[in-house]
Amino acid sequence: MKVACVGGGPAGLYLSILLKRRDPSHDVTVLERDPEGSTYGWGVTYWRGLLDRLQEHDPESASAVEEHSVRWRDGIAHVGDLATRHHGDEGFGIGRHRLLAILAARARELGVRLEYEHQVTGANPPAADLVVAADGAGSALRNRHAEHFGTEITGGRNPYVWLGTTKVFDAFTFAFVETDHGWIWAYGYGFGPEGSTCVVECAPATWTGLGLDRADEAEGLVLLEKLFADVLDGHPLTARSSGRTGAPWRTFRTLTNRTWSRGNLVLLGDAAHTTHYSIGAGTTLALEDAMTLSAALHERDTLPDALAHYERERRAALLPVQSAARLSAQWYENLPRYVRLPPREMFALLGQRHSPLLPYLPPRLYYRLDRAAGRLETLRRIKRTLGPAIARTAQARRLATGGGPDRSSRPDALPAHRG
């Protein structure tokens, strides 16, 4: 089979590796519009489960990824002058540059052709038996046929900015700072000895109140460095310039598609779906897409059957992740509901933000029930049953009324997330 992967990110590169491993006779080319070695972002996160799956599919690249990753088990939350630390599951971080270099080297070793600075638009798709649109959320190949794919994009509410810092965090770090204009917070995680990723988010009123909507890049970074001075320990923040005035603040866009294929064109990774950055799953989902598509192409008799099977499998796998992402975004958008709890309780509910039950119970009651459920199997079963049931009922009510969950009895609640 002749395969053209449009997009040299993790999804396209890893698919090319898996296709050549399964059948070296495949003619596989990866077409990337940017120069080799250029990428956005600083580091990506993943968990032990992904590393195990990478090891099953291609031990060579998995070993290289693990070797160049940093790991942590602790999470720490700073709320004003208070802090609490929690010991949890093993997490990993790796620089995006390093990850792409590892995957590109492995692809070349297996005989994949990599063509950089090769622009592909919807008007000039490559000639191949299978064309894979792995060119991100703004996919030109998908946008050419947006009506067919049923592409829908829903904007989130909170502005955020993706930054780097030379501060190397030894734990997954959350920092919540109260200002005269509301709360602003950051997520920080290391990706190597050279530094960490630092994502900053706040409500729209806080963003404009602090003047971040009007500040140029240098002014904005100085202000954020002052706000998060305690966790940065004097280290600077840096932004990857986008050619615009100011650091590239944006709101997250949740992207879905009604179908993922059209003839011999198939969507992969962010071109097919996006999930809110606060659950740190984007790269993992892209790599898992590649695993499923590669297996389907190998095991199914025809291309249409393979693409249909790939879509069914991945849609089913994505459902709980997409639900968790929506709930996570909503938790941060309703931060005033939780942030004044004692730090240990607040951090516990931060870890429970994916629960469909949490938005519908008073936070301290949920915390007590969750603590009790951890000790009693009967309560754990009730929690697992009630949570989805309450979420389904609330969702049905929201759709019927055209609104969000009933928050009229909570004066501190913010409007519902629109994603």
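User: Which backbone nitrogen does the side chain of Thr179 reach?

Analyst: In this predicted model, the side chain of Thr179 reaches the backbone nitrogen of His181, at 3.0 Å. A polar atom of that side chain also lies 2.7 Å from the backbone oxygen of Gly182.

User: And where is Thr179, buried or exposed?

Analyst: Thr179 belongs to strand β9, residues 172-179. Its relative accessibility is 15%, and because buried means under 20%, Thr179 counts as buried. Leaving aside neighbours within four places in sequence, Thr179 is in contact with Ile184, Thr206, Leu210 and Leu227.

User: How does β14 pair with β15?

Analyst: β14 and β15, the latter covering residues 265-267, pair in the antiparallel sense over 2 bridges, and Ser261 stands opposite Val266 of β15.

User: What does Val132 touch?

Analyst: Not counting residues up to four places away in sequence, Val132 touches Val3, Ala4, Cys5, Val6, Leu15, Val266 and Leu268. Val132 is also listed, with Tyr14, Leu15, Leu54, Leu268 and Leu293, among the residues with the most contacts inside the largest nonpolar core, which has 63 residues.

User: Which helix gives that core its largest share?

Analyst: Helix α10, residues 282-299, gives the largest share, with 8 residues. Apart from this core lies another, of 29 residues, including Trp72, Trp183, Tyr338 and Leu341. As a general point, nonpolar side chains in soluble globular proteins tend to be buried together.

User: Backbone angles next: what is the phi of Glu117, and where is it found?

Analyst: Glu117 has a positive phi of about 55° although it is not a glycine, and this residue is found in the loop between β6 and β7 (130-133). Most residues other than glycine have a negative phi. Glu117 counts as exposed because its relative accessibility is 59%, where the cut-off for exposed is over 50%.

User: And Asp233, what is its phi?

Analyst: Asp233, which is not a glycine either, has a positive phi of about 55°, and its place is in the loop between α9 (229-232) and β12 (237-238).

User: Last topic, confidence: what is the mean pLDDT of the chain, and where is pLDDT below 50?

Analyst: The mean pLDDT of the protein chain is 89, with 88% of its residues reaching 70 or more. Over residues 242-246, however, the pLDDT is below 50, and the model gives this stretch 6 contacts beyond near neighbours in sequence. Residues 402-419 also stay under 50, and for them the model has 37 contacts beyond four places in sequence.

Note on methods: Residues numbered from 1 in each chain as written. Predicted model: local features only at pLDDT ≥ 70, side-chain atom pairs only at ≥ 80, totals over all residues. Heavy atoms only, no water. Pairing = 2+ DSSP bridges. Helix = DSSP H or I, 4+ residues; strand = E, 2+ residues; numbered from the N terminus. Buried < 20%, exposed > 50% of the residue type's maximum accessible area, 1.4 Å probe, protein only. Polar contact = N/O pair within 3.5 Å; in protein donor to acceptor, adjacent residues only side chain to side chain. Contact = heavy atoms within 4.5 Å. pLDDT = per-residue confidence, 0-100. Core = buried A, V, L, I, M, F, W, Y, C linked by side-chain atoms within 4.5 Å.
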